[in-house]
Amino acid sequence: MRLSRYFLPVTKETPADAQIVSHKLMLRAGLVRQTAAGIYAWLPLGQRVLKKIEQIVREEQDRAGAVELLMPTLQSAELWRQSGRYDAYGPEMLRIRDRHDRDMLYGPTNEEMITQIFLGNVKSYRDLPRILYHIQWKFRDEVRPRFGVMRGREFLMKDAYSFDLDEAGGRHSYNRMFVAYLNTFARMGLRAIPMQADTGPIGGDLSHEFIILAPSGESEVFYHSNWEKAPELSAVDFDDVAGLQSIVDGYTADYAATDEKRDADREAAAGEALRQSRGVEVGHIFFFGTKYSGSMGMSVQTKDGTNVYPQMGSYGVGVSRLMGAIIEASHDDAGIIWPESVAPYKVGLVNMRVDDAACSAAADDLYRKLESAGVETLYDDRDERGGAKFATMDVIGLPWQLIIGPKGLEKGVVELKRRATGEREELSIDSALKRLG
Ligand code: ATP
Ligand code: MG
Ligand code: MG
Ligand code: MG
């Protein structure tokens, strides 16, 4: 992409309500613009990152055996009256009335809808187990939307729902999602700690929040210092029930809990190794048994002809919140440092002298070669000072900057800068291409 044709409104100033670094940098780097409280437009660069995050989430859901579908944002109130949640949900639900005076709502989550769609269309044990997911915009009328996309009102979520015949099956589905989440966040360069989380009125101990440690986080968390080392992930057979359980057991052996689920005995056992911090909830998995299948009266027939309410779980990832969390975890004074897996472009190609015919010809040629090698490149071909171009590249945080100027060209070299470390290296155009290709 040529920057001269792009839409990248990079700014130096940020509004006073942008308190945390990720919010400031998302505005400065031209990723998003707020259009109403807690509602954001995703500008071209931000949209690319969002798609990359979404795609990693999707690939890991698929790998774990979940199946994608797409449900609408608008839902009918009727559905929520069946489960009893229409009244229970409270003011976070955006309620809408259509022209025929029917009560509608903008979905804050989809348990009721998926239950109706799936269990309304299958009748037998042969159709279970299943895990279905979608990646869709949600609306929650948060009292205090803040921190940019971290707590928006409209936000993108991946939500998955599992259906099993019995509790053991439900536990296996839960474990699939647990391990899928570890893989998902690791691919984004994040260390997410699975923490025992509150299950609310339903009880049980099967709920984990996946938390990224960050001083700006809204959750208060407690954990064993063993979590400070990044755990190893290895290849996983998601169909291996016992194997998956032992991986989950391994990941839950060391104490980690949100403040609602603190455990005095386990904290005493951790002793000196107990840590307290703040964190960002990027995912939440939850086993809730027959709450929705039962309240909505949707059963399936078992092998011996009796009817059972399927055991269900739900599994959320904050896709848009993750963008903020990744920036919180990866930036410096000059701007964002994208992990390569979610970077909007891999390379920023900087032409230092647009007015120099030889330099521009070489830069154009290099750009074409990068493109045809499939290297995602943002090409700064604008008539701007070098300093301004470097500042733009630094703030938008592409992993590599490739700088081409008349002096280097005389010697047959270009400069390659790695954004994360600031390391610079002169090399021939061919070796630069080989390195990035
Ligand atoms: P929080 O505690 O931050 O309010 P939640 O527990 O209400 O989140 P869940 O219902 O568990 O959220 O939704 C699944 C995921 O959706 C969360 O783990 C989080 O990553 C994301 N999420 C929830 N609310 C928001 C929001 N207002 N803006 C952006 N992402 C959100
Ligand atoms: Mg909430
Ligand atoms: Mg929460
Ligand atoms: Mg939650």
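Tutor: Two residues are in contact if their C-beta atoms, placed from the backbone, lie within 7 Å. The structure discussed here is a predicted model.

Student: How many residues of domain 2 are in contact with domain 1?

Tutor: The protein is divided into domain 1, residues 3-336, and domain 2, residues 347-436. Their C-alpha centres lie 39 Å apart. Nine residues of domain 1 take part in the contact, and from domain 2 the number is 10.

Student: Which class of residue has six members on the side of domain 1 that touches domain 2?

Tutor: On that side of domain 1, one residue is charged and two are polar. The class with six residues is nonpolar.

Student: Are helix 2 and helix 10 roughly parallel or roughly perpendicular?

Tutor: The axes of helix 2 (residues 44-63) and helix 10 (residues 319-329) come within 9 Å and cross at roughly 110°. Angles of 65 to 115 degrees count as roughly perpendicular. Therefore helix 2 is, relative to helix 10, roughly perpendicular.

Student: Which residues of helix 10 meet helix 2?

Tutor: Helix 2 contributes Val49, Leu50, Ile53, Glu54 and Val57. The residues of this contact divide into seven nonpolar, one polar and one charged. From helix 10 come Val319, Ser320, Leu322 and Met323.

Student: Which element gives the most residues to the shell around ligand 1?

Tutor: Of the 14 residues around ligand 1, Phe155, His284, Gly316, Gly318 and Arg321 come nearest. Elements giving two or more residues to this shell include strand 8 (154-164), strand 16 (311-318) and helix 10. The most, four residues, come from strand 13.

Note on methods:
Residues are numbered from 1 along each chain as its sequence is written. Chains are lettered from A and ligands numbered from 1 in the order in which they are written. This is a predicted model: local features need pLDDT of at least 70, side-chain atom pairs count only at pLDDT 80 or more; totals for chains, interfaces and linings use all residues. Axes are lines fitted to C-alpha atoms, for helices over the stretch in contact, and angles run from 0 to 180 degrees between N-to-C directions. Angles under 35 degrees count as roughly parallel, over 145 as roughly antiparallel, 65 to 115 as roughly perpendicular and the rest as oblique. Ala, Val, Leu, Ile, Met, Phe, Trp, Tyr, Cys and Pro count as nonpolar, Asp, Glu, Lys and Arg as charged, and the others, Gly among them, as polar. Domain bounds come from an automatic or database domain assignment. A residue is near a molecule or strand if its C-beta atom, placed from the backbone, lies within 6 Å of it.
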